[in-house]
Amino acid sequence: MSESKHDTPMLDELESGPWPSFISGIKRLRDDHPDQRINGIANDLLGQLEHSYETRKGYWKGGTVSVFGYGGGIIPRFSEVGKQFPDSKEFHTLRVQPPAGNYYTTDMLRQLGESWEKWGSGLVTFHGQTGNIMFIGTSTENTQHFFDEINDYGFDLGGAGPCVRTAMSCVGSARCEQSCTNEHRLHRELVNNFTDDVHRPALPYKFKFKVSGCPNDCMNSIERADFAVIGTWRDDIKVDEAEVSNFIEAKGRQYVIDNVVTRCPTNCMSLTDDDRLEIDNRNCVKCMHCLNVMNKALSPGDDKGVSILIGGKRTLKIGDLMGTVVVPFMKLESDEDYERIVEIAEEAIDFWAENGLEHERCGEMIERIGLVNFLEGIGIEVDPNMVSHPRESSYVRMDGWDEEAEKWFERKREAKLAAGSN
Amino acid sequence: MALEDMRRPIESGCPDGMQYMHPVMVKNFGQWKYHEHPRPGVLVHYAKSGDAIWTVKAGTQRILDIYTLRKLCDIGDKYADGHVRFTIRSNIEYMVSEESKVDPLIEALEKEGFVVGGTANSVAFISHTQGWLHCDIPGTDASGVVKAMMDELIDEFKNCRMPNRVHITTSCCQINCGGQGDIAINVQHTKPPKINHDLVANVCERPSVVARCPVAAIRPAVVNGKPSLEVDEKKCICCGACYPPCPPMQINDPEHSKLAIWVGGNHSNARSKPSFQKLVAGGVPNNPPRWPEATAIVKKILKAYKEDAKDWERVNDWIDRIGWPRFFELTGLPFTKYHIDNWRGSRKSLNSSAYIRL
């Protein structure tokens with residue numbers, strides 16, 4: 001470290017209080033680390049951050065940095081005040097895809113840490129909001145060295161820019177009784193089918209996959225993913241009657257009425273006079289509430305599969321959009337099932353790549369062209385599960401009615417035949 | 001280096017998590033029966049096979065230095081089974097196959113300053129973005145706001161005293177990378193961008209900047225003889241969408257970039273369909289290093305929710321039941337003309353009924 005330590009009176013105030021302090025962590029890198037390169041980066045980073053706190057402005061600018069063979073995956077940062085803070089003037093982040101479900105051994109974390117200590121700032125976040133490991137802060141040159149090293153032992157960059165982004169999946173089948181699918185397999189089948197689209201940004205804008213094993217949607221997929229997959233089931237909720245009795249005994253009848261029965265969004269439950277829970281499964285919308293409250297007594301059914309919702313995104317440009325149902329239910333067990341879901345993703349991305357405007361998310365395109373045009377583009381038939389209610393506006397030309405109605409009846413006949421042949 | 005000598009990437013994509021997973025989790029994959037919550041920060045999951053796995057969850061500073069990462073690993077090796085995972089809100093979870101390991105693990109984590117908690121009906125760790133530490137367009141810091149806020153909310157992280165879980169998020173600009181939350185603290189700019197006309201022509205691709213504006217308030221113009229852009233300030237909604245593609249259109253302002261607070265975002269389908277967050281407070285000063293004004297409002301909202309909501313009601317469920325007038329009454333926050341939405345589709349947010357709580 002060539003110069004003296006920058007004064008950081010404002011940042012110092014973030015060292016008090018009981019929550020762990022990131023400032024204390026950066027100071028340890030500045031003061032205690034044996035590598036002078038890291039001391040210098042930490043010192044100048046603190047200096048620039050203090051400057052931001054004093055002036056209430058950011059001083060990082062983007063640019064173009066990548067690794068050989070890829071076009072994305074790095075968030076380039078060049079300091080606008082690099083003359084004052086030269087050791088952190090290049091401070092790029094590498095977005096690295098974590099193992100599906102975010103599982104690590106301490107050995108692997110140490111190995112990643114050692115590589116980063118060798119080539120980077122020593123600052124890392126598990127994980128950023130899209131789901132990447134964020135290796136925060138290195139020079140343009142060391143970006144390549146660090147990537148080469150971790151790529152050799154099995155880690156790859158995630159997406160940055162207009163491309164397929166790093167995906168996310170929940171804790172899932174590995175530890176959760178509500179899981180209705182193999183989240184991690186699906187996560188990898190989806191995103192690893194698009195590695196070219198992850199590494200070489202050429203889409204209208206970003207495209208995110210998220211997989212949640214049940215409708216609790218711990219991955220926030222409906223609100224944050226262009227392609228949300230949610231585990232679900234279509235037979236009856238499984239009821240362990242002995243556990244229902246235990247629950248009622250422990251919590252009381254009124255608790256069950258107030259916190260389970262009356263919270264059902266479709267009023268499909270009732271508590272009988274002899275303390276049995278009756279469920280009108282035909283009207284269960286799989287909201288998960290009763291299973292969450294009585295997780296020992298109630299479980300998802302056996303006939304499991306997934307729902308797909310497309311088009312979720314945050315604010316810019318046209319406002320927040322949630323994903324909408326495009327596939328109400330499909331089985332996800334055989335290799336063919338996995339091939340089919342990957343094919344649906346390919347159809348959706350191809351259609352959007354063709355028809356999306358620059359910087360237009362898939363959901364925004366659907367908003368612009370209408371869901372029906374999108375469905376026709378990706379070869380999926382309409383289904384009443386896709387809407388909260390049918391059209392309210394009479395401003396529509398409907399001279400194809402008879403043909404469209406016939407398509408519906410034809411699909412019904414086919415479904416009946418298929419069911420009969422099983 | 002000659003091109004042919006460059007190392008070509010191995011496009012391996014997302015690694016398989018199974019190789020790092022705790023053996024009890026591998027063995028019982030897809031075969032879990034139920035879970036219990038013996039104390040805040042601890043979950044125990046029981047498998048159909050009769051196996052069980054204990055999870056201890058701890059909050060950290062999220063921006064981890066290598067020393068902290070090693071400390072977390074040391075604890076994982078000495079007191080746990082060497083297998084960890086990170087939650088979507090950046091907490092670390094240690095999995096152990098014996099109950100006897102739980103208490104010493106908690107003790108070791110707490111001794112090193114980590115905070116065990118964040119499960120069930122607690123205030124979870126605040127999910128946040130990069131801010132001044134790394135982002136190119138931030139209106140505020142992220143890690144600092146969250147550190148200051150968690151210092152005040154730590155007891156609610158360590159305990160489960162809320163009606164249901166509370167997810168808080170922060171975002172440093174209106175793109176809102178922090179996402180939806182029961183409570184969200186987001187930058188809200190209040191003045192149009194200040195344009196450095198000398199730089200626009202060299203730095204910005206003008207047609208894409210024009211296309212980026214949600215309200216078509218930007219148009220090409222020649223200023224001081226140079227091609228530039230101008231903003232119709234009457235139309236401008238101060239969202240900052242033009243700033244990322246055109247940095248000379250500076251939107252961040254030390255004085256006029258404020259914080260706004262939103263409530264009721266809920267990603268879960270439980271009890272009701274997922275919901276987006278709604279504006280409740282604006283004009284909150286962006287006041288480093290500890291942002292006391294924002295924290296005070298968050299605490300006010302949490303207090304009202306904690307006292308008034310029923311068991312299992314998330315913030316959105318609670319407000320759906322009591323109505324917005326009561327929310328503003330209970331929190332003491334002002335209701336203004338800015339709370340009435342005028343964006344596309346907003347008519348659906350107006351009350352077109354005689355349902356009025358009087």
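This is a predicted model: local features need pLDDT of at least 70, side-chain atom pairs count only at pLDDT 80 or more; totals for chains, interfaces and linings use all residues.
Chain A contributes 104 residues to the contact, and chain B contributes 95 residues. On the side of chain A that touches chain B, helix α4 (residues 106-119) of chain A gives the most, with eight residues. That side of chain A comprises 43 nonpolar, 38 polar and 23 charged residues. The two chains are also linked by strand pairing: strand β6 (residues 123-126) of chain A and strand β4 (residues 64-65) of chain B are antiparallel and share two bridges. Within this pairing, Val124(A) has Leu64(B) as its bridge partner in β4(B).

Helix α3 of chain A spans residues 36-55, 20 residues in total. From its first C-alpha to its last, α3(A) reaches 28 Å, close to the 28 Å expected at 1.5 Å a residue. Because 15 of its 20 residues are buried, α3(A) is largely enclosed by the rest of the structure. Arg56(A) follows α3(A) and has a positive phi, near 55°.

Chain A also contains an open sheet of five strands, arranged in the order β8-β9-β10-β15-β16 with mixed pairing. Its edge strands are β8 (168-169) and β16 (324-330) of chain A, each of which pairs on one side only. Ser169(A) has Val211(A) as its bridge partner in β9(A). Helix α12 (residues 335-355) of chain A packs on this sheet, where α12 touches β10 (227-233), β15 (304-310) and β16 of chain A. The direction of α12 makes about 165° with that of β16(A).

Note on methods
Residues are numbered from 1 along each chain as its sequence is written. Chains are lettered from A and ligands numbered from 1 in the order in which they are written. Two residues are in contact if their C-beta atoms, placed from the backbone, lie within 7 Å. Helices (H or I, at least four residues) and strands (E, at least two) are DSSP runs, numbered from the N terminus. Ala, Val, Leu, Ile, Met, Phe, Trp, Tyr, Cys and Pro count as nonpolar, Asp, Glu, Lys and Arg as charged, and the others, Gly among them, as polar. Two strands pair if DSSP finds at least two bridges between them. The expected span of a helix is 1.5 Å times one less than its number of residues. A residue is buried if 20 or more other C-beta atoms lie within 10 Å of its own, exposed if 12 or fewer, and partly exposed in between; C-beta atoms are placed from the backbone. Axes are lines fitted to C-alpha atoms, for helices over the stretch in contact, and angles run from 0 to 180 degrees between N-to-C directions.
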